[in-house]
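Reader: Could we go through this model together? I would like to begin with the pockets.

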Amino acid sequence: MKIFVTGASGYIGGSVAALLVKKGHQVRGLVRNAAKAEGVRAQGIEPVMGSLDDAALLEAEARAADAVINAADSDHLGAVQALLAGLAGSGKRFLHTSGSSIVGDEAMGEPSERTFTEETPVKPEPDKEHRVALNKRILEAAPGVHTVILCNTLIYGNTLGPPAQSVQIPPLVREAKETRIARYIGRGLNIWSNVHIADMAELYLLALEKAPAGSFYYVENGEASFGDIARAIARRLGLGPAQSLPANEAIAKWGRELAVFALGSNSRVRADKARTELGWKPTHRSVTEWIERELAG
């Protein structure tokens, strides 16, 4: 297949694109500059120079492709509109990358017992209303466009594609290296579901092949508290005990989006639907084991 991937130099898009090439697909990937282009070309991906704001370019690439995977930005309305316009009426597959902060709270380190499946109604915090509305808009484009949403949890593991990092663990590692103290927010009892990058990429390929039009899937294989993640980082880096960072200091350091919704919230989902409907068989289960064994020191 000829597949157009946005975010081809990023952690998610680059890993998915590299696996698609490995499986024999022809992949064109959106990149922002020449340096990024060289990185994706080295992976066998044909770079397309541009940005998510280049509506005409995105529409043309979507029209020319057999399928599109949007992995650059979960919230960019203009890019989604352009890609859907290029695919309109074709019945071609459009995989969109969302994120499970849509079910996130503002716990700032406190625990929650709430878990979500695809059937659980979501009442998002105001910061995430736009993402939920965009997901709904994408699903409603089916069946004219064969839309599928993959809603990722905390992703860990080494990239499969060009050099890139995930969103949640790296800032904690940088903080630990700079201050020699691993940090969690508040009491660190907040829990996120998680998934290894290799398992995630395999699910994208399964969704491309098998997912029905208008499908939504959570992507997870395990969960951990941020306190446990911070303690694993401390052990890996040979530091002393992990310590709490007060909520106001966390927001000042990392900004509201990262501190509140990526590092301080609870986001607990279950991906049984992907296992049952698509035959997904993830093999990595412990983010803390990965940190202690494989995280770059």
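Author: Helices (H or I, at least four residues) and strands (E, at least two) are DSSP runs, numbered from the N terminus. This is a predicted model, where local features need pLDDT of at least 70 and side-chain atom pairs count only at pLDDT 80 or more, while totals for chains, interfaces and linings use all residues. Residues are numbered from 1 along each chain as its sequence is written, and side-chain values use heavy atoms, without hydrogens and water.

Reader: Which element gives the most to the lining of the second largest pocket?

Author: H6 does, with five residues. That pocket holds about 320 Å³ of space. Gln 165, Pro 170, Trp 290, Leu 295 and Ala 296 are the closest to its centre among 18 lining residues. Two or more lining residues come from each of strand E7 (154-156), helix H6 (169-179) and helix H12 (287-294).

Reader: And what volume has the largest pocket?

Author: Its volume is about 850 Å³. It has 39 lining residues, of which Ile 12, Ala 71, Ala 72, Ser 74 and Val 167 are the closest to the centre. H1, strand E2 (26-31), strand E5 (93-99) and helix H10 (256-263) each give two or more residues to the lining. The largest share, four residues, comes from H10.

Reader: Changing topic: where does Ser 9 lie?

Author: Ser 9 is in the loop between strand E1 (2-6) and helix H1 (11-22).

Reader: Is Ser 9 buried or exposed, and why?

Author: Ser 9 counts as buried because its relative accessibility is 12%, with buried meaning under 20% relative accessible area, exposed over 50% and partly exposed in between (1.4 Å probe, protein chains only).

Reader: Which residues is Ser 9 in contact with?

Author: Beyond its neighbours within four places in sequence, Ser 9 is in contact (heavy atoms within 4.5 Å) with Leu 30, Val 31, Lys 36, Val 40, Pro 162, Pro 163 and Ala 164.

Methods:
On a 1 Å grid over the protein atoms alone, a cavity is a set of points where a 1.4 Å probe fits but cannot get out, and a pocket is an open set with protein on both sides within 12 Å along at least five of seven lines; lining residues have an atom within 4 Å of a point. Grid points are joined across faces, edges and corners, and a volume is the space filled by probe spheres set on the points.
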